[in-house]
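Please guide me through this structure in the viewer, telling me what to select at each stop and what is found there.

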Amino acid sequence: MRRRTPGSLVLLLLWVPLIRGQKVNGGDGRPTCRRCDLHLCCNCSYSGFTSVPMIPDQALSLDLSFNNITMVTQTDLTGHSRLRALDLHGNRLAEIHPSAFDSLWSLEELDLSDNQLTFLNPNWLKNVTILERLNLLNNPYSRLGSPSMFFGLVRLRRLKFGGPDLKELRRTDLFGVTELEDLTVHANNLASYDSGTLGDIWPLGRVTLSLHGPFLTNVTLAAAVLADVSYPETPIVLQDIDVTGIQSVQSFRESAKKRIRSLSFRNFSVTDASLVDFLMVMNGAPLSYFHVEDVTLTGIGRWEKANKTDYKSIDEFFLRNAVVVDVYKFVSFLQLGFLLNYPRKVSVINCEVFVMPCDTSKLLENLQYLDLSDNLLTDLTMAESLCHGAPTLKELRVLNISGNPLKSLSLISHLVANLLKLTHLDVSRTLYSSMPSACSWPSPLKYLNISRAKLTTTTSCLPRSLEVLDLSYNDLTGFSLDLPLLRELYLSGNKFLGLPAGQSFPNLQTLTMQFNTLNMFGLPELQSFRRLENLQAGYNKFICTCDFVNFLQSQLKQKGNVKLTDRKDGYVCDSPLHLKGALVSQVRLSVEVCHRVLFVSVSCGVALLVGLLLCALLWRLHVFWYLKMTWTWLKAKRSSRRQRRAADSEALLAFDAFVSYSERDAGWVENFLIPELEEPSEAGSSGTSSSGPLSLCLHKRDFLPGQPIMDNIMSAIERSRRTIFVLSENFVQSDWCRYELDFSHFWLFEAGGDAAILILLEPLSKDDVPKRFCKLRKLMSSTTYLEWPEEEERRPEFWRSLRIALTGDND
């Protein structure tokens, strides 16, 4: 195992926290945050930093919220001239050097909220001249300070300041703030206010004020603040206030005089008497938008005095999260009926409303939008609210009754049938589990939302006039109704295995199919939709076949007419197992997988070609011959062993030599070789001395008739001490000799080269011997062979050498 050097170990220790997005120390001891994305936005929140970490100089955004930073020094942010947004929200910041932000020339957004700043230094922002958004909320400073820290911030458009310790606001505190789009002031404990402090800001957009203390203890102060921000074009939001007496209501008198049009309350406590007083104080103001959220109402419901007021200008009333204390004591809200004749838009959300009486509905003559979502309406009380289907709410166009315990879709369709101008109906998050076969709907109905119910099937109950239909998050497995005008269809969160048939929706442009059980879809399915432009089909159980992967990758690259408008990381393979969890956009499938038939065909063709080439090569190298002869040799050898099991091996050596020769050379063998070796005289035919006759094995006379040729050859070889090869052109060309030599060749490997004697009757080189006889060719190269001399006088020497080779006797 290779050892790591100390340098590589250091790199490893630095790299691991880089991968995990943790902090590591920089060279000067400061921590380093490397959690920066490709857009140069560094998110270093919730990382436990106690000081400003080092980040790349090119960073455009730095989020340091929710750390434990207590101080920003002069050099912490030096060099970050490109930084546009800095978030230090939720730290323990108590000290900022006067020059800490001097190098942030490009800073547009700064968040210092929820820290421990007791003092706001005007030098902090002297060089941050293009700042547009500044948040100083919830720090323990008691005043903004003088000179103004906002002087020179001519591009400032969103300002938030204040907190529980803010005690006073002086006119000089906001010098330099000329106009704002959004102003938020938390001054629940404000004790001193210079009139006109906020009044010098113009134009002034949305204003949010927290004035709990002033409304309870210093009505004059609250009135002064409201008067400074009250403009007809400025929406005012009041939060964390308590209006329970006539004096606190008087704070709105100046606002009424300035004819404000939009007023909102959040976290608001009021009594019935105070509400009546408020209506009387605001009487005559052209209030068109009235928004109340998180309100607590106490009293018994006496509204008589309010009848004298005129609120014809009211256009929208919004009420959410209302709690009526001792609701059973309230007589009725019908005495406020004069307020119901004029609004075009009413929202009463999550207020535990269980019924809206028919008499109340009849008062809503101009109502076009009604939202009663997240209440306690049932089928029975809904029938009462819509006057049991009688003509009422004649101008109503939008009805939202989602989040109520409704169970009968048939009933609601009957109740809204006489709402002749209704175009939008939202009955989502209800208890609908079935759909009737037929329903009556208002003819203009174009938008229907039945999402997050419990529907398992759909029927022709759905109106053909629909242009937008939301059936998401039900238990549907199919959808095949003909809706010729439908432009948008939402079917996410169901149990669809495939896309619906596009022929049923000739005008469909948008289709969502997320979180179903789709396995795949392809071009034919998309082409069945004539006008489909946008499809969202991520987060399904995709089977990543080759065709599907190729198709979807092309669609994700927006190459088709239909655009996949959801996130690419929603398209993930569910199978096959080795691709499970892989993004379809990153899957790369091999040719073997994608073109199996072609791959098998090509592979077989290549294998066949290689096989043919290999066979040709093996044939060229005589491998088949070697195998054939090896098998023949082994068979013959086994047969020979069986014949001589009981016999002594020495007793089998009956011949001095086995002679292998061509039939065309038989004359030489019979006339010269046999007489010389087997029938020698005292001085043989050649005149040489004889040491005794030798026994030769010849196939013509010694092979047993009726025995296989292999066995005869094997027997002859094994019963002979030597083998004489009589080589000539006839021998090489003779088929019989070739066959005999083929067989004898294997014996040469076993017996060794000294068992073979080569006699050349005529000049013959080893190249004349077939290459497959490698052993014989090697013997011709390494062993001295005998050449038959043509000269008579040289023959005695030839016979003497042959006898020596056969007998091994040199004497």
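In which loop is Pro576 found? Select Pro576 and you will be in the loop between strand E30 (573–575) and helix H12 (591–594), where helices (H or I, at least four residues) and strands (E, at least two) are DSSP runs numbered from the N terminus. The peptide bond that leads from Ser575 into Pro576 is cis, with omega near 0°.

Before moving on, note that this is a predicted model, in which local features need pLDDT of at least 70 and side-chain atom pairs count only at pLDDT 80 or more, while totals for chains, interfaces and linings use all residues. Residues are numbered from 1 along each chain as its sequence is written, and side-chain values use heavy atoms, with hydrogens and water left out.

Next, select Trp202 and Pro203, which are joined by a cis peptide bond with omega of about 0°; Pro203 belongs to the loop between E13 and E14.

From there, go to helix H3 (residues 219–229), which is largely enclosed by the rest of the structure because 9 of its 11 residues are buried (under 20% relative accessible area, with exposed over 50% and partly exposed in between, using a 1.4 Å probe and protein chains only). Among the buried residues are Val219, Leu221 and Asp228, and the cover over the buried part of H3 includes strand E14 (204–210) and helix H2 (212–217).

Finally, select Asn321 in strand E18 (residues 316–324), a residue other than glycine whose phi is positive, near 60°, and which is partly exposed at a relative accessible area of 23%.

Notes. Contact = heavy atoms within 4.5 Å.
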